[in-house]
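Read the following with the sequence and the model side by side.

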Amino acid sequence: IRCWSNIPFITMPLSRAHGKSFAHRSELKHAKRIVVKLGSAVVTRGDECGLALGRLASIVEQVSMLQNQGREMMIVTSGAVAFGKQRLRHEILLSQSVRQALHSGQSQLKDMAIPVLEARACAAAGQSGLMALYEAMFTQYSICAAQILVTNLDFHDEQKRRNLNGTLHELLRMNIVPIINTNDAVVPPPEPNSDLQGVNVISVKDNDSLAARLAVEMKTDLLIVLSDVEGLFDSPPGSDDAKLIDIFYPGDQQSVTFGTKSRVGMGGMEAKVKAALWALQGGTSVVIANGTHPKISGHVITDIVEGKKVGTFFSEVKPAGPTVEQQGEMARAGGRTLAALQPEQRAEIIYRLADLLTDQREEILLANKKDLEEAENKGRLALPLLKRLSLSTSKLNSLAIGLRQIAASSQDSVGRVIRRTRVAKDLDLEQVTVPIGVLLVIFESRPDCLPQV
C-alpha cells in the first residue's frame, strides 16, 4: 500500500523482468503497466464529427477499474481532430447564420456551405475539449488524468526523451493516468517507413507508432490497440474467406493480405501490425481488438487483461504443433474424408492401427514406463489412477484383437439399413447407419482409452 495526497492505493509487484513479452494469453493477467491505444474509429462517431461518448465512457470505466486494481494505465488517444471539427463547424454555422440574417434575411440560410476544415486547426480547437472530457469522466472514479502532447522530435531528441520519460514515471508514481496524443496542431509530415526496423528507432507517424514507441520506452507489459475490426484477419475483413487470426507470430506477414485503411485516422491494419511487431520486439505484448462493437466494447479491455480469447494476440513463442483451432479444423476435414471411404478402406485403416499396436509394442511400453516413473516420483496420482496408467503386453494384445474384430465387422457398419417403412406408393422411409462425425473424448490416466474409442 502506498499513499499520495492521503489517498491509499495498492501497487502490484512486477511479475517478471521486462525485456521478454508474454508467451501466452493466460499470462496477461500479470501485466502491471498497460498502454491502451484508442483509434480514431473507436472514439469518433460514424459521421466523423464529434465523439462516441458512450464508447468513451465505457473505456474510461474499464481503465479506471484496472487502475484501481493497482495497475499503471496509460492511454494513447485519437479524437482531437473529430472533436475540433465538430466545434468549428458549429462556430462557422453560427457565425454565417448571424451574418446572413443581418445582411440577407433568413431566406438564404439554407444555402450556407461549410468550408473544408484544415486538420491542424481542428486539432488545436478540439484538444482542450477532448482532455476536459477525459478529466470529467475519470473524476467519476476518483482518478486524476494528465495530458501529454508529443511529436516525433520528443523521442529523437535525447534530452526531450528523458524529460518525457521522467514525466510519465512521475505521473504513474502519483497514481495519475497519462493521456497521450500526437500534437496534431504542429506535427511534421509523416516520414517513410524505412525506420521501422530494429528496436531503437521508430518514427511517430500516427498514434499506432506512438503507442508502440511509448510502450517500449516505458517498458510496459501490454499494449492494447483498439480499432473498428475484431483483430487481424488473413485477408481483408468482409471478404468471403477472411479468417480472424487468434495468435500472430513474427514472420507470418506473408500469410496476411491487408485491405484499405480505416475510414478515419492516419493508419490502417498494416500500420498497426508493423507497430505491434516493433513493440513485441521491444519486449511488450500486444493485442489488437475491436473497440466499437456494442456487445463487447463494454468489457473488451478487461477481457483482454483476464486472458480471454479476444482479438489477435501477438506472441514470439510459436508452438511446436498445431493450435487447438487448427487441430479442430483438421479433425473436421479428416472426418469428412473418412465418411466418404468404402467399407474395405475403413477396415484397412483399423487393421493398420491393430498392427501398429503390436509392431511398436516395445516403444509404447518404454514410453509408458517413463510416464509411470514420473507419476510415482511426483506423487500426484492416487494408486487407482496409477493402475489405470499402466500398460502391459497383454493389454496391447487385447486392444489389437479388439481392433481386428471391429475391422472385420466394419464391412456393414456404415450404410446398413436398420429399418424400412413404406410411407406411400414408391415412397420408402429408411433408417440407415452413417458416420457419426468427429468426437471429442476427454480421459485421464488411461492410455488404452484411445484405441478403445
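Ala407 counts as buried because its relative accessibility is 1%, where buried means under 20% relative accessible area, exposed over 50% and partly exposed in between (1.4 Å probe, protein chains only). The residue belongs to helix H14, residues 393-409. Helices (H or I, at least four residues) and strands (E, at least two) are DSSP runs, numbered from the N terminus. Leaving out residues up to four places away in sequence, Ala407 touches Ala347, Ile350 and Tyr351; contact here means heavy atoms within 4.5 Å. Arg352 is 55 residues from Ala407 along the chain, and the two C-alpha atoms are separated by 9.6 Å.

The model is predicted: local features need pLDDT of at least 70 and side-chain atom pairs count only at pLDDT 80 or more, while totals for chains, interfaces and linings use all residues. Residues are numbered from 1 along each chain as its sequence is written, and side-chain values use heavy atoms, with hydrogens and water left out.

Next comes the sheet. Eight strands form an open sheet with mixed pairing, in the order S5-S6-S4-S3-S7-S9-S10-S8; two strands pair if DSSP finds at least two bridges between them. At the edges are strand S5 (145-150) and S8, each of which pairs on one side only. S3 and S7 run parallel and are joined by five bridges, and Val35 has Leu223 in S7 as its bridge partner. On to the next pairing, S7 and strand S9 (residues 285-290) also run parallel, joined by six bridges. Here Leu223 stands opposite Val286 in S9.

How many of the residues of S7 are buried? Six of its six residues are, and the strand is mostly covered. Leu222, Ile224 and Leu226 point one way from S7, whereas Leu223, Val225 and Ser227 point the other way, and all of them are buried.

Helix H2 packs on this sheet, where it touches S3, S4, strand S6 (177-182) and S7. The direction of H2 makes about 155 degrees with that of S4; axes are lines fitted to C-alpha atoms, for helices over the stretch in contact, and angles run from 0 to 180 degrees between N-to-C directions. H2 has 16 residues and spans 22 Å from its first C-alpha to its last, close to the expected 22 Å, a value given by 1.5 Å times one less than the number of residues. Its buried residues are Leu56, Ser58, Ile59, Val60, Gln62, Val63, Ser64, Leu66 and Gln67. An α-helix has 3.6 residues a turn, so residues three or four places apart point the same way. After H2 comes Gly70, whose phi is positive, near 105 degrees.

Gln67 lies in H2, which covers residues 53-68. Gln67 counts as buried because its relative accessible area is 4%. Apart from neighbours within four places in sequence, Gln67 is in contact with Glu72, Met73, Ile143, Asn175, Ile176 and Val177.

The structure holds 18 of them, a salt bridge being a side-chain nitrogen of Lys or Arg within 4 Å of a carboxyl oxygen of Asp or Glu. The side chain of Glu72 forms one with that of Arg33, at 2.7 Å from N to O. This pair links distant parts of the chain, with Glu72 in strand S4 (residues 72-77) and Arg33 in strand S3 (residues 33-38), 39 residues apart. Glu72 and Arg33 are both buried.

Because Lys37 lies in strand S3 and Asp208 in helix H7 (residues 207-217), the pair ties together parts that are 171 residues apart in sequence. Lys37 and Asp208 are buried as well.

Is the pair Glu329 and Lys243 buried or partly exposed? Glu329 is partly exposed, because its relative accessible area is 43%, and Lys243 is partly exposed at 41%. Their salt bridge has its closest N and O atoms 3.0 Å apart. Glu329 is in helix H10 (residues 324-339) and Lys243 in the loop between strand S7 (222-227) and strand S8 (247-248), so that distant parts of the chain, 86 residues apart, are linked. Elsewhere, salt bridges that share partners join Glu158, Arg161, Arg162, Arg213 and Glu217 into one network.
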